[in-house]
Each structure stands twice: as structure tokens, then as C-alpha cells.
Amino acid sequence: MSLRLYNTMTRQKEEFIPQQSGKVGIYACGPTTYNFFHLGNARMLVAFDMIRRYFAYKGFDVNYVQNFTDVDDKIIKLAREEGVEALAFANKYIDEYFTDAKALNILPATVHPKASEHIDEILKIIQGLLDANLAYVVNGDVYFAVNRFRGYGKLSGRNLEDMQAGARVEVDERKRHPMDFALWKAAKPEEPAWESPWGMGRPGWHIECTAMSLKYLGAGFDIHGGGGDLVFPHHENEIAQSEGYLRGRKFAHYWIHTAFLTVNQEKMSKSLGNFFTVRELLQHFPGEVLRFYLLSTHYRSLLDFDDHKLAEAQKALARLQTSVRLVSEALNRLNKTDSDLNGENKVKDSVLIQAANQARGDFVEAMDDDFNSSLAYASLFELAKVINSNLGAKEPDVNGLLIARQTLLELGGVLGFDLANPASLAAQAEADDGILASVMDVLVEVRNRSRKKKDWETADFIRDALKEINIVIEDTPQGTNWRLKNKSG
Ligand code: AMP
Ligand code: ZN
């Protein structure tokens with residue numbers, strides 16, 4: 001079965017044909033590390049994690065490169081405000097990135113290159129662009145000359161004349177064309193700076209991704225992507241400088257962009273201040289719930305933040321987890337494990353086995369169609385439903401239960417959910433315990449008040465009714481206690 005994906009460059013779904021059979025190279029533009037990452041960043045990060053996991057599931061050898069931008073105006077500004085060195089400041093948030101990524105079950109990329117560690121590669125490319133007459137130096141800055149690159153605007157569908165008209169307000173006399181962009185910026189006092197043929201300075205933003213993608217994936221790699229805000233100017237500029245440097249050879253074959261996570265229809269962003277960091281959301285929801293929420297909408301559809309939807313995601317995920325728990329309990333009672341599944345053709349076709357096969361087929365079909373994770377969810381729920389309705393069978397279909405459980409775990413795993421080890425069920429159980437304790441406090445108090453008023457009928461009713469549901473009330477000289485009745489009574 002072939003995998004189709006939407007290519008921003010051609011504006012249509014295309015069959016994915018790898019440059020090298022059985023391998024896929026993916027570059028995604030990662031965060032600029034001056035803060036904890038927010039749920040909008042997480043949407044892009046989780047989407048690419050889902051994509052690289054699916055490629056691996058399809059048998060591809062995946063080389064996934066995700067950079068950190070650690071040289072940037074905002075990093076420099078905030079580090080200065082805190083009185084720390086800019087790279088140390090950026091590194092702190094790179095460390096924090098891995099903590100939150102782990103909570104979201106985002107696998108580490110094959111490589112996580114940093115801009116600051118690729119200055120030599122960056123300098124080489126800038127020199128190449130100067131040699132090709134695609135760039136020019138002005139007082140220690142180096143700019144890319146957009147009108148020297150014929151395809152400028154091809155990714156975003158813009159053309160230079162329109163952009164020039166739209167850029168009237170910009171007055172920057174050093175630039176030959178208003179859309180020209182900095183490849184290298186001359187050093188300002190107290191900024192991180194490196195030596196270069198044009199004096200001390202630091203790279204502009206776009207050039208780092210050209211340098212790092214070409215280094216780790218080579219020219220003409222398979223997939224380049226990031227959040228939709230990067231189409232212009234970041235990726236447009238990357239294409240211009242990369243293909244200019246490669247003398248017209250293709251930079252990347254497919255471009256994938258994730259839609260925004262919005263808040264009241266506005267992009268969630270650090271600069272607008274309308275963001276929730278994953279770190280703060282993790283205090284209210286386990287990471288797997290955030291992940292489940294983010295993948296519940298196709299990666300190219302807008303997703304407007306709504307905490308009710310997060311609560312719904314928690315319940316939906318719990319349904320899948322509960323199904324796995326129930327089938328595991330049933331199999332434990334029967335003393336059966338996966339090792340009882342043998343390959344001697346003893347596995348007969350059954351409702352459960354058919355449901356498992358159907359689920360896998362539907363799942364792959366959905367994911368092959370431009371990674372439609374929200375449709376893929378439906379196949380998991382369908383399988384969970386069949387499992388649940390087969391749990392009480394008088395003659396249990398052991399093979400069917402084992403295969404159905406394996407399939408549910410396998411497909412959940414492709415999307416990055418460990419359904420057999422749920423964090424959220426544990427959290428839910430804790431929350432339920434808390435609620436039970438509070439309700440019991442109220443009931444004990446009501447019963448005590450009844451007893452004070454010698455209303456024995458109400459007091460006894462409360463005690464007996466609770467006993468019916470296995471909660472034992474005990475009156476002691478120190479006060480009234482309650483406990484859950486254990487099996488021995
Ligand atoms: P930044 O740290 O702003 O450079 O963003 C890191 C990555 O997150 C980039 O690929 C952005 O396109 C992506 N991103 C930022 N904000 C959002 C958002 N609200 N929704 C989806 N992706 C986003
Ligand atoms: Zn980039």
C-alpha cells in the first residue's frame with residue numbers, strides 16, 4: 001500500500017516515493033529555545049513524531065533531524081535581562097525541552113543539531129552564495145539577493161513584485177531589495193559572535209537549517225517541514241539559499257506543514273502571550289492526554305484550544321486503556337499470556353480476529369492517506385468495542401482476545417500511546433480517590449449530626465446503605481472512621 005502525503009510545494013497529495021528505497025530523511029524546524037515550549041509548538045512536534053513513527057511502522061529506516069535554534073535575537077535579549085550568557089540560557093531550555101517531550105512520548109530525533117555548533121558549515125554555504133553572486137556584503141552583514149534566485153516564492157505562491165509592493169514601509173538602506181534577508185549579521189557588543197571572513201558576527205535565522213539539513217540528510221532529501229508559519233519567509237528563504245548554493249539542484253522533495261493550534265482563532269504564540277506551556281498543562285493532564293488531544297484532529301486542520309476538549313480526550317483515551325485492562329484481566333483469570341498464541345495455524349478466524357484485522361486495515365488506510373490520525377483513532381475505538389462485547393463470553397475465544405489485545409497495543413503504539421501502562425488511568429484513580437474521600441467526609445458529618453439529634457433512623461440508613469456498597473463505618477472513641485471493605489470482610 002502506498003503512502004500519500006500533502007506536499008505544500010505542489011499543493012496536492014502525492015504518493016511518497018523515497019529517494020533511497022526503504023529509507024526516509026526528514027528535517028523539521030524545531031523550537032527556538034528561550035522558554036518552555038507551548039502547546040502550539042507541541043502540536044507540530046507531536047505531528048512529526050507521529051509521522052516518523054508511522055514511517056518506521058511501515059518498515060522505513062528513518063533519519064529524523066530536528067534542530068534547536070539557539071542563536072536568536074530573543075534568546076540574546078532575555079539572557080541579557082537575566083544576566084546570563086546567551087548560549088547557556090538557550091541550553092537550559094534545550095534540557096527542559098527533553099523533559100516535556102518525554103512526557104508527551106515524543107521520541108528523541110536521530111540528531112538534534114544546534115545552530116551554534118554548525119558555524120563552519122554555515123560559513124561555507126554563505127561563501128558559496130557569495131561566489132555564486134547570490135549574496136552581497138554590507139558592513140559586515142551578508143544578505144541574500146532574492147531577485148538573483150529565479151524560483152523565489154514558489155513554496156508560498158508569492159511573487160517578488162507583489163512582495164515588493166507590500167513591503168513599501170520597510171526602510172533598510174543596506175538592502176538592495178526589501179525582501180533580501182540576512183545570512184550573517186555583524187556582531188553587536190555583548191552578543192555571541194564568531195569569526196568570519198566578513199568580521200565577527202552570527203548567523204541569520206534561515207541559514208542554519210540549510211546548513212544542518214544538508215549536513216545530516218544531504219541534498220535532495222525526502223521531507224522538510226514544520227509549523228505552517230514557517231512556509232514564509234523561513235522555508236521560502238531556505239529553498240532560495242539552498243538551491244542557490246546547490247546550483248539549482250533540488251533541496252527537499254516534499255514539504256509538510258502542520259496547521260496552527262489557535263486560541264480564540266488566533267495562533268498560539270510566545271509573542272502574542274496567549275500560550276499555555278506544556279509544562280503548566282502537565283500539572284492538570286498527563287502527557288498522553290495532551291498527545292491524544294493533539295492527534296485527535298488531522299495535522300492540517302486548524303485546532304482551536306479548548307480545555308473541555310482536553311477533558312474529553314482524557315475520557316476517550318481511558319476507554320481504550322480500560323478495554324486493554326479488562327481484556328488483560330480476563331486473560332489473567334484464564335491464565336493465558338501472549339506465549340499461548342502459537343503460530344501453528346491454530347489461530348482460527350473469529351469475530352475478534354476479524355475485528356483485529358479490520359482495525360489494522362482501517363488504521364493503515366487512514367494513516368496512508370496523509371497521516372490521518374483522527375480517522376485512525378476510529379479503528380482503535382471500533383476494535384475496543386468488539387473486545388468489550390466479547391469479554392463475558394461463556395467460552396472465551398482466547399486466541400481472539402490475545403490477538404485483539406496485541407493489535408490494539410500495536411496500533412496505539414504507532415501513534416505513541418502505551419495503552420497497557422496508562423498514566424491517565426492512574427491519575428483518574430487518584431482523582432476518584434480524592435472525590436470519594438471528600439464525599440465520605442460529608443456523609444460521616446451528616447450521620448454524626450443525625451446521631452446528635454437522636455435521629456437513629458437516618459444514621460442507621462447511612463451506615464447500612466454504605467455497607468451495601470462495601471464501605472464500612474466504624475465508630476470509635478476517637479471519632480468515626482470509614483474504610484473500603486476488603487474481600488475477607
Ligand atoms: P518557534 O519556537 O516559534 O520557532 O516554533 C517552533 C515550531 O513550532 C515551529 O515549527 C513552528 O512553526 C511551530 N509552531 C509555533 N506556534 C505554533 C502553533 N500555534 N501551532 C502549531 N505550530 C506552531
Ligand atoms: Zn528551519
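**Exercise 1.** Determine which elements the buried residues of α11 pack against.

*Solution.* The buried residues of α11 pack against β1 (4–7), α1, α12 and α13; helices (H or I, at least four residues) and strands (E, at least two) are DSSP runs, numbered from the N terminus, and contact means heavy atoms within 4.5 Å. This is a predicted model, in which local features need pLDDT of at least 70, side-chain atom pairs count only at pLDDT 80 or more, and totals for chains, interfaces and linings use all residues. Residues are numbered from 1 along each chain as its sequence is written, chains are lettered from A and ligands numbered from 1 in the order in which they are written, and side-chain values use heavy atoms, with hydrogens and water left out.

Next, identify the residues concerned: among the buried ones in α11 are Leu352, Ile353, Phe363 and Met367. Buried denotes under 20% relative accessible area, exposed over 50%, and partly exposed in between (1.4 Å probe, protein chains only). Just after α11, Asp370 adopts a positive phi of about 60°.

**Exercise 2.** Compare the end-to-end reach of α12 with its expected span.

*Solution.* The expected span is 1.5 Å times one less than the number of residues. Helix α12 (residues 373–389) has 17 residues, for which 24 Å is expected. From first C-alpha to last, α12 reaches 25 Å, close to that value. Its buried residues, including Tyr377, Phe381 and Ile387, pack against α1 (39–57), α9 (287–295), α10 (307–333), α11 (351–368) and α13 (398–414).
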